[in-house]
Amino acid sequence: MKRIALLGATGSIGRQAIEVIEANPGLELVAASSGSTPIDGLAALTQTGGDPTELLERAQPDVVLNAVVGFAGLVPTMWALEHGVTLALANKESLVAAGELAIAAHKRGQGELIPVDSEHSALFQCAQLGEPESLVLTASGGPFRGRTRDELQNVTPDEALAHPTWSMGPKITVDSATLANKGLEIIEAHFLFDIGYDCIDVVIHPTSIVHGLVRFRDGASIAHLGYPDMRVPISYALTYPDRAATPVPPLDLRTLEFHEPDTETFRMLALAREAGEKGGTYPCAYNAANEVAVQAFLDGRIGFLEIATAVEDVLARVDGAPARNLDELVEADRHARELVAVA
Ligand SMILES: NC(=O)c1ccc[n+]([C@@H]2O[C@H](COP(=O)([O-])OP(=O)(O)OC[C@H]3O[C@@H](n4cnc5c(N)ncnc54)[C@H](OP(=O)(O)O)[C@@H]3O)[C@@H](O)[C@H]2O)c1
């Protein structure tokens, strides 16, 4: 029996994780948390808001599934990595912001770090077959694929929230529309697979059937395919190294289509790569500024294109000095948020 602590239990990933856990007699939910929505009767230990450290210490889980959204996921990520408890990581923002510190904690803790993000779950599975020479992340392109900057000028939050292939929480859905999500994923892949940014490509693949591809040095490439359904990577991470059944139908191969991403229109992808290559706390600042700007867009305070403008402006103003510890990282996150020039 694997004992699971689920953080972010009321969200899109959280609810699907509960479905996966309830369907698998080998998994037991021993703790659950949310941000502000109360949770009743899910597990013996539940918590709404605040620092989840005590909850985790009391629950003593075998696996922490971190499905919190945003930088708020930092504490459970670091707790699991430091303690060598298996971390099933959906919360990409914590790894992007705290990359070096998180990987150092992972090395000290010696636990498993299993990505839940579908692309990284795919790459993780492909990378079991050998040392990756380079990686390809696929992106659906979001609801605004193929549009020009002019056509994006007046798009609304409702339009940005209508993702063509995935049903997800609001923040990641807007990130998919700006391509910031793929930008965050480039940085996530860099840290997860210890691979240079010049060895991580992004291609637009509108149907989201191919989730990721690993190229090996002998010229062989292994791709991971499946319908876009987060229950598959959640189940993989929770039952690893086994593979449990899910209700997802077997894949019926259709035409596979791929395009180059338009990084001029979707600046957030190029900005993430730049922030990742500069290193230090630039990825943390990118993430922080994006979180603030996405919320401002969802609240109707700024336009869609201003998300990238705001993030670019913050990146130009921070010094990006590496964080030597978590206090410095939290300060870099706070400073970047403060610099975001939105009303
Ligand atoms: N959704 C997907 O398909 C998908 C796919 C790949 C990766 N991810 C990643 O998974 C994470 C979760 O995404 P999601 O789409 O499930 O988000 P979501 O639906 O917005 O859910 C977010 C969860 O985090 C909780 N939360 C928010 N702020 C918190 C705080 N300060 N402290 C503790 N908990 C807090 C929320 O609780 P309340 O309900 O109380 O607000 C909710 O349970 C994100 O990092 C996202 O990038 C998601």
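Hi everyone, let's start inside the protein: this structure holds one cavity of 30 Å³ or more. Please keep in mind that we are looking at a predicted model. How much space lies in the largest cavity? About 70 Å³.

So who lines that space? The lining of the largest cavity includes Arg149, Thr178, Phe266, Phe304 and Ile307. By type, the lining residues divide into six nonpolar, two polar and two charged. If you want to find the place on your screen, look for α11 (267-278) and α13 (305-317), each of which supplies at least two residues of this lining. Of the elements, α13 gives the most, with three residues.

Now, over to the ligand. There are 24 residues around the ligand, and those that come nearest are Thr10, Ser36, Thr37, Glu93 and Gly169. Sorted by type, this shell has 11 nonpolar residues, 10 polar and three charged.

A backbone N or O atom of Thr37 sits 2.6 Å from an oxygen atom of the ligand. For Ser12, a backbone N or O atom is 2.9 Å from a ligand oxygen, and for Gly11 a polar backbone atom is 3.1 Å from a ligand oxygen.

How much of the ligand's accessible area does the protein cover? On its own the ligand has 890 Å² of accessible area, and the protein covers 83% of it. As for the elements around the ligand, α1 (12-22), α4 (92-109) and α8 (170-178) each give two or more residues to the shell.

Methods: Residues are numbered from 1 along each chain as its sequence is written. This is a predicted model: local features need pLDDT of at least 70, side-chain atom pairs count only at pLDDT 80 or more; totals for chains, interfaces and linings use all residues. Side-chain values use heavy atoms; hydrogens and water are left out. A residue is near a molecule or strand if one of its heavy atoms lies within 4 Å of it. A polar contact is a pair of N or O atoms within 3.5 Å; within protein, one must be able to donate a hydrogen and the other to accept it, and residues adjacent in sequence count only if both atoms are side-chain atoms. Accessible areas come from the Shrake-Rupley method with a 1.4 Å probe; for residues, only the protein chains shown count as cover. Helices (H or I, at least four residues) and strands (E, at least two) are DSSP runs, numbered from the N terminus. Ala, Val, Leu, Ile, Met, Phe, Trp, Tyr, Cys and Pro count as nonpolar, Asp, Glu, Lys and Arg as charged, and the others, Gly among them, as polar. On a 1 Å grid over the protein atoms alone, a cavity is a set of points where a 1.4 Å probe fits but cannot get out, and a pocket is an open set with protein on both sides within 12 Å along at least five of seven lines; lining residues have an atom within 4 Å of a point. Grid points are joined across faces, edges and corners, and a volume is the space filled by probe spheres set on the points.
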